[in-house]
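Work through the exercises below with the sequence and the model open. Each task is followed by a solution in steps.

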Amino acid sequence: MQALSSGDTAWVLICTGLVLFMTPGLALFYGGMVRQRNTLVMLQQNIIALGVVSLTWVLLGYTIAFGDDAGSGLSGNLGLLALTDLGTPPAPAFRVVTNGITIPALAFVAYQMMFAVITPALATGSTAGRLALAGWAAFLAVWSIVVYPPIAHWLWHPDGWLASLGAQDWAGGMVVHASAGAAALALLLVVGRRRNWPRTSSLPNAVPLAVVGAGILWFGWFGFNGGDGLRADGVAAQAVINTHVAAAAAMLVWLLMERIRDGHGTVVGAVSGAVAGLATITPCAGFVSTMSALAIGAIAGFVCQSALRLKFLLRVDDALDVLAVHFVGGMLGSVLLGFFAQTRANRLSADGLFFGGGPRLLGRQVLAVVVVVLFSFLLTWIIATVIQRTIGLRVPPAAEGRLDQEQQGLEAYHLGLVPNLPGRAAAGRTAAGRATGQPGPNAGSPAPGPAGGGGQRDQQRPSRLITGLLDPERVDSGELTEALVAAGAGQVVISSVHVHTKRPRPEMFRGVRRDLEFDSRIRVEVLARDGDIPAVLDVFNRFSPEPDGFVQSVEPGARARLRPER
């Protein structure tokens, strides 16, 4: 038995933190691309996996995946139930992609836990806007015991039946991505489509948030792929460079295809392509050369971008294209390994078809992909169906567009056009206007009079309500109010609205075009005397792309009746 290596242990612990960081990164990636009023729920559906799956992994998942084989290669025994007897470190050879483990067993437990956490969370992007929290939590608990650990045992335990057959999966092309993609497809069949899909679709609520999430995923993927050899050595370095090169190649190919097909290469396309490349290189990262990784990434960008149309062919409402990116990417990478694997890159790997190994590895990879997909799909469909018919897995269709309020009682954003308008700025604090030289709140204001008024006072009261719809890009709040006051406005009210336009503005999101039929406007309401109406309308015309508004009469006593009764 080899002694513990502090360097290897430190590397695996660092990679554990990187893979953990990927789950909040995934939450941000998905959270930025759903409807505004479903943002918090999407974040929660991902973050809750850190709680549920971490506990199921410690109690049952780890022993099923990495306990001593029960004798058939299908599952581990219960000898490591609740981590009660891990043995004297370093633990025995419990990982098929490495020889001579030199890290504590608990380091391996923690590292593999993070894979178990993020795998079912990947599926939340496909079912966005449809999952009930209690049902999803129950699904996570059952799936992380019944589905994920056996697949991990088959491919990652030395005595697993697929590993014994010769199938290879470096960091989870099948164990993570193919199984999660198959689970996503089964979930979609159970929970069904969103209302009016595919006739209507929603745009991302915060693309910058999605880009930040994708960046965290890319960063964390160095631990996802780099730590699987459980050593800080040349294979780890090869896996890290392969991860980065494949993501870069997939990003550029995806952008090129977007440019050709849709006329624009978008930042959403860039991060989608990168994630597709990361998913595809995952099963290959520690088994192929750098140039092979580049080729795998380029193929991933082409195939996964083309697979965006898969959901329309299958008639399933995959909201955030989990099938195209993770399902297709995971299966594609697992099969491509049969072509590109090299013993020269990793002596524990067989050679692929392109490097003199013949079709043997390719055949084993195809068989393993088929088995994993069928197993995950069938069991997921059974689990989801039982939960749907008992405690419920899908939210009522009427709640789809406002899940944050329904499940959280909160809103992710409190934004509006009016608070964001440019306004006056000055250094220093203000005290009744003296610090900035502006008049105080009561300076120059007439003394308040009786609410009713009469005679000469009624003749001076504003008698028209003038409403204009202005372009927020043209409006400076200080300039607007000064111009309106100079034009004779008695009172100014500003609010945010959206108006129907005769010229819809198209936007593209992952190959799907949506025509935006409403434009943002600033609604400005002004009380003014009859003689001041032309001057107020002139002000509106200065800040509006086209004349848009109306004038209506106001009863002389209307303002008085708005005062609260005493």
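## Overview

The protein has 19 helices and four strands, where helices (H or I, at least four residues) and strands (E, at least two) are DSSP runs numbered from the N terminus. This is a predicted model, in which local features need pLDDT of at least 70 and side-chain atom pairs count only at pLDDT 80 or more, while totals for chains, interfaces and linings use all residues. Residues are numbered from 1 along each chain as its sequence is written, and side-chain values use heavy atoms, with hydrogens and water left out.

## Exercise 1

Task: Describe how helix α9 and helix α10 cross.

Solution.

1. Locate the helices: α9 covers residues 234-262 and α10 covers residues 267-281.
2. Take the axes, which are lines fitted to C-alpha atoms over the stretch in contact, with angles from 0 to 180 degrees between N-to-C directions. The two axes come within 7 Å and cross at roughly 135 degrees.
3. Classify the angle: α9 is therefore oblique to α10. Under 35 degrees counts as roughly parallel, over 145 as roughly antiparallel, 65 to 115 as roughly perpendicular, and the rest as oblique.
4. Assign the hand: α9 passes α10 in a right-handed crossing, meaning that the near helix is turned clockwise from the far one by less than a right angle.
5. List the contact residues (heavy atoms within 4.5 Å). On α9 they include A246, A250 and W254, and on α10 they include G269, G273 and G277.
6. Sort them by class: the contact has eleven nonpolar, six polar and one charged residues. Ala, Val, Leu, Ile, Met, Phe, Trp, Tyr, Cys and Pro count as nonpolar, Asp, Glu, Lys and Arg as charged, and the others, Gly among them, as polar.

## Exercise 2

Task: State the span of α10 and how far α10 is covered.

Solution.

1. The 15 residues of α10 reach 21 Å from first to last C-alpha.
2. This is close to the expected 21 Å, taken as 1.5 Å times one less than the number of residues.
3. Of these 15 residues, 14 are buried (under 20% relative accessible area, 1.4 Å probe, protein chains only; exposed is over 50%, partly exposed in between).

## Exercise 3

Task: Find the backbone features in the loops.

Solution.

1. W197 and P198 are joined by a cis peptide bond with omega about 0 degrees. P198 lies in the loop between α7 (173-191) and α8 (207-226).
2. L83, not a glycine, has a positive phi of about 55 degrees; L83 sits in the loop between α2 (39-66) and α3 (105-121).
3. L230, also not a glycine, has a positive phi of about 60 degrees. L230 is in the loop between α8 and α9 and is buried, with a relative accessible area of 2%.
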